[in-house]
Amino acid sequence: MSSESKEQHDVSPRDSAEGNDSYPSGIHLELQRESSTDFKQFETNDQCRPYHRILIERQEKSDTNFKEFVIKKLQKNCQCSPAKAKNMILGFLPVLQWLPKYDLKKNILGDVMSGLIVGILLVPQSIAYSLLAGQEPVYGLYTSFFASIIYFLLGTSRHISVGIFGVLCLMIGETVDRELQKAGYDNAHSAPSLGMVSNGSTLLNHTSDRICDKSCYAIMVGSTVTFIAGVYQVAMGFFQVGFVSVYLSDALLSGFVTGASFTILTSQAKYLLGLNLPRTNGVGSLITTWIHVFRNIHKTNLCDLITSLLCLLVLLPTKELNEHFKSKLKAPIPIELVVVVAATLASHFGKLHENYNSSIAGHIPTGFMPPKVPEWNLIPSVAVDAIAISIIGFAITVSLSEMFAKKHGYTVKANQEMYAIGFCNIIPSFFHCFTTSAALAKTLVKESTGCHTQLSGVVTALVLLLVLLVIAPLFYSLQKSVLGVITIVNLRGALRKFRDLPKMWSISRMDTVIWFVTMLSSALLSTEIGLLVGVCFSMFCVILRTQKPKSSLLGLVEESEVFESVSAYKNLQTKPGIKIFRFVAPLYYINKECFKSALYKQTVNPILIKVAWKKAAKRKIKEKVVTLGGIQDEMSVQLSHDPLELHTIVIDCSAIQFLDTAGIHTLKEVLRDYEAIGIQVLLAQCNPSVRDSLINGEYCKKEEENLLFYSVYEAMAFAEVSKNQKGVCVPNGLSLSSD
């Protein structure tokens, strides 16, 4: 409650009856007796009475110069003590905080169960998404293994699953294919056709004397992109620029993922049909790929097609059953692993590769390859691609982390999450891995199967380690068409977003348009261009919303000091001669004309009134025959005009977050135009930033600052008093006249 309203309640009826000099108490008592449709007139007095105002003293700002500020910051950040060193280590390695407090009896069963299930799901998905990234299957297993271990050490979320993500694999694959073509590799062969990279140096594997083949160069490109993307993410965490993710709205990210899903589906179509087609990149790659598919449809491998259809018939219904009965099932059916095992056995014993030329995964080596530094010469070629990959990776990771943290009642540190996902890319890039991030589908499985902490990530890594050391070679005969089907089936969640569009449209049409624009541009142009188009269009929509914002006239809610829009609510009280106007946006150069036109339209247009007065005066002068002796009296009669019913306009500034120079100049123009026709303009509920802008912009002088009212109700009461009295004395010594 404001200080004004408190004082109103503190005044007794007896004091009011005896003619207390305080106006607010009189206003309060009159409001208690008035009707619901109009106000009674305020009591007036010929004497000039002091008008009670809300006065708030501003905090004094310290005059710290820039040099002192920098020195103070450096002293604070550069000081080292045992306590500060300990906090830094614990902050960088959150596992040291929660692992010693781990509740073994309460959490171990859920963590082990969820880790096992996610690990089983990750095996076929890691192999399948390797194809999407243009890599050999073993590199996908490496990526999932290292990401699980590193996030266990550095992550602050208890639930998210970090590993291979389809959209990032697609973006990596597009970069890899482009660099393979620049290096002179023929897509149909594993050896380079020219033997030269784009900078003219021979393609030598630095660990041996043999020429680097296609798969070797592909992982070289993939790991280099991953290293640069990780460096970007760590740099964003260090400089605390996580605010970049705010430009990626939920609608934009959802549209981007759905659009990229169409591209992923298109890229996997050739595996389902058994076609040996070159991968197309660049603008319009989706349409170009489908043109190539239909031109070569007669070359379809019937064995791969039949296998794809059988896998779809098994995977889709089982996935739907898993989702439908997820509340009753203790763990989802690992149907992907079942299909992979069955398909591998069928391909091996049926000799599908030898008899029907079916494309298979090939040899998957056991163990780990020696670490290798990224190819520094490739950095200039892939640095730009890594920007979009890094932003998408950390935006999805941070958003999923915060979503599950809110759901389970704990907090995550956004900057630490950027460090975690950055090192999940930097460190594995030395071990033949490609880019990772959090993935929604696996995170949901992890949560639903009882995960409590990231210890489940260690269990997942152990499952992958077992596969890498022992089981991997057994997948030699696995058909690529099976991997393509697994990838496509996992796109169901993104493609189902179309079902949410009617609800999104009813909530926010602007978000729906952003979703469609981002989705179409990501699918029809390219993933990078689609993301850029989505961000630019989303920012344009923000500007558009402030360019033509909503505005309305306000009325008073009965028996309160609350004002609401008269066009939105019924039974609001309005005072004759006073109009209260609200503008719901910042007032700056883009919408200044919209502000003036809306204000003039909903109140009165002072320019038109002045023009009408001048025309009326000229017309009357012409009609009268003025005698020589009475020229002066007659002229004064003809130039007079009737006073307007409207005498005060109160502008509610509560929704105006800031003003620029154009906005201040616009308010000055409005004030001058209305004063010319005898209407006073009052500003109410200005925030401190707007008040400072008005004073610095000389809208009002420093001593007139208390004419900027702290509430609309106070401004309305002041307007009523100033109308009923010839002159009202206000605390700053100014006198307002109704002339």
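Predicted model: local features only at pLDDT ≥ 70, side-chain atom pairs only at ≥ 80, totals over all residues.
**View 1. Helix α13 meets helix α20.** On the α13 side, the contact uses Asp304, Thr307, Ser308, Cys311, Leu312, Leu315, Leu316 and Lys319. On the α20 side, Ser481, Val482, Val485, Ile486 and Val489 take part. Eight of the residues in this contact are nonpolar, three are polar and two are charged. Two packed helices are described by the angle between their axes and the distance between those axes. Helix α13 covers residues 302–324, and helix α20 covers residues 480–489. Their axes come within 9 Å and cross at roughly 35°. The crossing of α13 past α20 is right-handed.

**View 2. Val314 sits in helix α13.** Is Val314 buried, partly exposed or exposed? Val314 has a relative accessible area of 38%, so it counts as partly exposed. Leaving aside residues up to four places away in sequence, Val314 touches Ile335 and Val339. Glu336 is 22 residues from Val314 along the chain. The C-alpha atoms of Val314 and Glu336 are 9.3 Å apart.

**View 3. Phe475 lies in the largest nonpolar core.** This core has 108 residues. Which residues have the most contacts inside it? They are Tyr217, Leu248, Phe475, Leu478 and Leu531. Look at the surroundings of Phe475. Residues up to four places away in sequence are not counted here, and Phe475 touches Val123, Ile127, Val340, Thr344, Ala361, Gly362, Ile364 and Val467.

**View 4. Ser126 is a buried residue of helix α7.** Helix α7 runs over residues 104–132. The relative accessibility of Ser126 is 1%, and therefore Ser126 counts as buried. What does Ser126 touch, not counting residues up to four places away in sequence? The list is Pro137, Gly140, Leu141, Ser144 and Ile164. Gly163 is 37 residues from Ser126 along the chain. Their C-alpha atoms are separated by 8.6 Å.

**View 5. Thr512 is found in helix α23.** This helix spans residues 509–524. Thr512 has 2% relative accessibility, so it counts as buried. Not counting residues up to four places away in sequence, Thr512 touches Leu501, Met504 and Trp505.

**View 6. Ile287 and Leu525 are 238 residues apart in sequence.** In space, their C-alpha atoms are 9.3 Å apart. Ile287 belongs to helix α12, which covers residues 285–295. Why does Ile287 count as partly exposed? Its relative accessibility is 46%, and the partly exposed class lies between buried, under 20%, and exposed, over 50%.

**View 7. Asn357 and Asn571 both have a positive phi.** Most residues other than glycine have a negative phi. Asn357 is not a glycine, and its phi is near 55°. Asn357 lies in the loop between α15 (352–356) and α16 (379–408). With a relative accessible area of 59%, Asn357 is exposed. Asn571 is not a glycine either, and its phi is about 55°. The loop that holds Asn571 runs between β4 (563–565) and β5 (578–583). Asn571 has a relative accessible area of 68%, so it is exposed.

View 8. How many helices and strands does the chain have? The secondary structure comes to 30 helices and nine strands. Now take the contacts between residues at least 6 apart in sequence. Of these, 78% join residues at least 24 apart. The accessible surface is about 37700 Å². Carbon and sulfur atoms account for 61% of that surface.

Terms used
Residues numbered from 1 in each chain as written. Heavy atoms only, no water. Helix = DSSP H or I, 4+ residues; strand = E, 2+ residues; numbered from the N terminus. Contact = heavy atoms within 4.5 Å. Areas by Shrake-Rupley, 256 points an atom, 1.4 Å probe, with all protein chains shown as cover. Axes fitted to C-alpha atoms, helices over the stretch in contact; angles between N-to-C directions. Left-handed = near helix turned anticlockwise from the far one by under 90°. Nonpolar A, V, L, I, M, F, W, Y, C, P; charged D, E, K, R; others polar. Core = buried A, V, L, I, M, F, W, Y, C linked by side-chain atoms within 4.5 Å. Buried < 20%, exposed > 50% of the residue type's maximum accessible area, 1.4 Å probe, protein only.
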